[in-house]
Amino acid sequence: MFKTLPLLKTLVCALPLLASGALLAGENPAPDARWQQTLDEAKGQTVYFNAWGGSPEINGYLVWAGQELERQYGVKLVQVKVDDIAPSVSQLLANKQAGKNTGGPIDLLWVNGENFKALKEQGLLGVPFTGELPNMALVDMNLPVSEDFTVPVEGLEAPWGIGQLNLMANGEEVATPPTSATALLAWARANPGRFTYPKPPQFHGSSFLKQILLELTPDPAPLYREATDAEFDRLTAPLWAWLDELHPALWRKGKLFPASAAETRQLLDDGELAMAISFNPGEAQSAVQNGALPPGVVAVAMAKGALTNSHFLAIPFNASARAGAKVAVNFLLSPAAQARKADPAFWGDPSVLRTDALPASASQTPALRFKAVAEPHPSWQLRLEAAWAERYGH
């Protein structure tokens, strides 16, 4: 289904116009006319955007985006702040099972990974839409934007930014930040109580588990296909052994884990931690610049490669303001919006656009700051979270 619809649209739009300029009977309008129809339909709509609300910088950026959308297009953007997008996915599934195919409460989702896989498999995203967005032509297709944790995107979500797992280290306390699992364990044992990670299944905590699993796996090929019981048990054994050694050296001796990345960042700012985890390679610089972290904090990634993914924007199957959501996504992919997003003064999240499509200032910020390693298949994350909870959940 997902591959057929874009092809049909392409064939229909390729039909020639009559000499008079009128459209052939039954033909769709030309792409620019179709987009104008979307703009007209979107005017006056309110777009409810379910997005992670744990970052003051991101929340502030979305306030600006909402002001611009209303000013330029007459579209109101309302951020519905969530800790995790999984409950939103469950809400959409309940809508579908109840037959609520229109008038849904969510118009736009910030999503990737196992949540996108669930949305796609359950048919919760309707038809592909990214081919309708004028600014998709500006996206750098050399970035990892065609697949989401190995799952083909197929027009069901639009790339928004690039994330890379890194440690935000206070350089005044961590003279040589660790860049391997072995070095991190050694540092933690030499500096007990000065490091921790958020409790899985919180996104940053689960990402940390995947980063270390990739570090400890000599041949990562099995991680990029559906996990089997045998492969999961074999490949994760070194991870559990490593965590067993690490946990007694963590903050609160690994008996208690922060509930969010925001909490670990606050602990870093308060001086309780010397290092915290981020998935934004520009967060350390942005937070230092904004006075939210001490001046000596820097970002460092694993030398073998930082866990890297794209984050996306998706429109649910029963969105009430589908046209408004398309206009919002297209605006968030505009050079102005992407440049502001990449600016550490506002967010510091790398752009997904080609450098030649960005203003000179933003084109100096590379999307991939660190050497990249791709996300494993989503099945590994789900199993890791369940196994972690069984071993270490309190």
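Predicted model: local features only at pLDDT ≥ 70, side-chain atom pairs only at ≥ 80, totals over all residues.
Colleague: Which residue forms a salt bridge with Glu121, and how far apart are the closest N and O atoms?
Modeller: Look in helix H5, residues 114-121. Both partners lie there, four residues apart, or about one turn of the helix. The partner is Lys117, and the closest N and O atoms are 2.9 Å apart.

Colleague: Is Lys117 buried or exposed?
Modeller: Start with its partner. Glu121 has 55% relative accessibility, so Glu121 counts as exposed. Lys117 has 18%, and the cut-off for buried is under 20%. Lys117 therefore counts as buried.

Colleague: How many residues apart in sequence are the parts that Glu132 and Lys326 tie together?
Modeller: The side chains of Glu132 and Lys326 meet in a salt bridge, 2.8 Å from N to O. Glu132 lies in the loop between H5 and strand S4 (147-148), while Lys326 lies in helix H11 (residues 322-332). The pair therefore ties together parts whose separation in sequence is 194 residues.

Colleague: Arg354 forms a salt bridge with Asp356, so which relative accessibility makes Asp356 count as exposed?
Modeller: The closest N and O atoms of Arg354 and Asp356 are 3.0 Å apart. Arg354 counts as partly exposed, at 29% relative accessibility. Exposed means over 50%. Asp356 counts as exposed because its relative accessibility is 61%.

Colleague: Which residues do salt bridges with shared partners join into one network?
Modeller: Here the salt bridges share partners. They join Glu57, Arg265 and Glu283.

Colleague: Are H8 and H14 parallel or oblique to each other?
Modeller: The axes of helix H8 (residues 229-246) and helix H14 (residues 378-392) come within 11 Å. They cross at roughly 50 degrees, and the crossing is right-handed. Angles under 35 degrees count as roughly parallel, and 65 to 115 as roughly perpendicular. H8 and H14 are therefore oblique.

Colleague: How many nonpolar residues does the contact of H8 with H14 have?
Modeller: H8 contributes residues including Phe232, Leu235 and Trp240, and H14 contributes residues including Trp380, Leu384 and Trp388. By class, the contact has one polar and five charged residues. The nonpolar residues number 10.

Colleague: At roughly what angle do the axes of H7 and H8 cross?
Modeller: Helix H7 spans residues 203-216. H7 passes H8 in a right-handed crossing. The axes come within 9 Å and cross at roughly 115 degrees.

Colleague: How many charged residues does the contact of H7 with H8 have?
Modeller: Among the contact residues are Phe208 and Ile212 of H7, and Pro238 and Trp242 of H8. By class, there are 11 nonpolar residues and one polar residue. The number of charged residues is none.

Colleague: Beyond its neighbours within four places in sequence, which residues is Ala328 in contact with?
Modeller: Ala328 is found in helix H11. Its relative accessibility is 0%, so Ala328 counts as buried. Its C-alpha atom is 9.1 Å from that of Tyr73, 255 residues away along the chain. Leaving those neighbours aside, the contacts of Ala328 are Leu69, Leu77 and Leu108.

Technical notes:
Residues numbered from 1 in each chain as written. Heavy atoms only, no water. Salt bridge = Lys/Arg side-chain N within 4 Å of Asp/Glu carboxyl O. Helix = DSSP H or I, 4+ residues; strand = E, 2+ residues; numbered from the N terminus. Buried < 20%, exposed > 50% of the residue type's maximum accessible area, 1.4 Å probe, protein only. Axes fitted to C-alpha atoms, helices over the stretch in contact; angles between N-to-C directions. Parallel < 35°, antiparallel > 145°, perpendicular 65-115°, else oblique. Left-handed = near helix turned anticlockwise from the far one by under 90°. Contact = heavy atoms within 4.5 Å. Nonpolar A, V, L, I, M, F, W, Y, C, P; charged D, E, K, R; others polar.
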